[in-house]
Amino acid sequence: GVRLEPTARGAFLDTRVHRIGEKRFRALYQVFDSNASNPMGRCGAGREIHLFVYELTLPKPIERGRVLISSCLETLSLVSQNSGRSNSESDFSSVIWQGDGFSIEWWGIGPGGDTSSHYALRNDRFVPTRSGEGNR
């Protein structure tokens with residue numbers, strides 16, 4: 001089955017199954033300390049959250065990609081995590097599944113200076129696509 005990374009402090013499981021063609025996927029959000037080696041330093045109490053995507057295969061799921069989605073060190077977070085509502089830190093609704101993969105809506109500016117990013121399944125891995133590449 002799926003195991004948490006040894007340094008993970010916790011996790012959030014998306015219980016929905018996401019389909020792309022005949023394949024089925026599930027998202028697991030793992031939480032890590034930002035600066036575990038220097039807890040009194042920059043982002044010492046901060047968190048890093050990675051999205052891990054697993055294909056649901058037998059006999060066990062296979063990791064098909066991981067994306068840093070929230071980071072104190074990288075000043076990165078999701079729109080949904082900045083709503084101001086209680087428990088917004090565990091709101092991953094800014095990760096939106098689509099026919100060929102998923103999109104992420106960033107709070108402010110995300111990786112590469114974009115406000116959103118798209119990841120598509122290519123050769124059994126989720127990889128970032130360039131804007132306009134879409135469902136090729």
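Predicted model: local features only at pLDDT ≥ 70, side-chain atom pairs only at ≥ 80, totals over all residues.
Biologist: How many aromatic pairs does a search of the whole structure find?

Modeller: Rings of Phe, Tyr and Trp (its six-membered ring) pair if their centres lie within 6.5 Å; planes under 30 degrees apart count as stacked, over 60 as edge-to-face and the rest as tilted. Going through the whole structure that way, the number of aromatic pairs is 7.

Biologist: What kind of pair do the rings of Y29 and F92 make?

Modeller: A pair of aromatic rings is described by the distance of the centres and the angle of the planes. For Y29 and F92, the centres are 3.9 Å apart and the planes sit at 5 degrees, so the pair is stacked.

Biologist: How many residues apart are Y29 and F92?

Modeller: They come from distant parts of the chain: Y29 is in strand β3, and F92 is in the loop between β5 and β6. Strands here are DSSP runs of E, at least two residues, while helices are runs of H or I, at least four, and both are numbered from the N terminus. The gap from Y29 to F92 in residues is 63.

Biologist: Which residues form one aromatic cluster?

Modeller: W97 and F126 are both in it.

Biologist: Let's switch to sulfur: how far apart are the sulfur atoms of C43 and C72?

Modeller: A disulfide is a pair of cysteine sulfur atoms within 2.5 Å, and by this rule the count comes to 1. That one is the link of C43 and C72, which is left-handed, with -80 degrees about the S-S bond. C43 lies in the loop between β3 (23-33) and β4 (47-55) and C72 in the loop between β5 (62-71) and β6 (95-98), so parts 29 residues apart in sequence get tied together. The sulfur atoms of the two are separated by 1.9 Å.

Biologist: Which residues does C72 touch, beyond four places away in sequence?

Modeller: C72 counts as partly exposed at 29% relative accessibility, whereas C43 counts as buried at 14%. Contact means heavy atoms within 4.5 Å. Leaving out residues up to four places away in sequence, C72 touches S34, R42, C43, G46, R47 and E48.

Biologist: How many salt bridges does a search of the whole structure find?

Modeller: A salt bridge is a side-chain nitrogen of Lys or Arg within 4 Å of a carboxyl oxygen of Asp or Glu. One of them joins R16 and D14, with the closest N and O atoms 2.9 Å apart. R16 is partly exposed at 48% relative accessibility, while D14 is buried at 9%. The search total is 8.

Biologist: How many residues apart are K23 and D124?

Modeller: Their side chains meet in a salt bridge, 2.5 Å from N to O. K23 is in strand β3 and D124 is in the loop between β8 (116-122) and β9, so to speak distant parts of the chain, and the separation in residues is 101.

Biologist: Which strands does the salt bridge of R47 and D33 tie together?

Modeller: The side chains meet at 2.6 Å, N to O. The two are 14 residues apart in sequence, R47 and D33 lying respectively in strands β4 and β3.

Definitions and conventions:
Residues numbered from 1 in each chain as written. Heavy atoms only, no water. Buried < 20%, exposed > 50% of the residue type's maximum accessible area, 1.4 Å probe, protein only.
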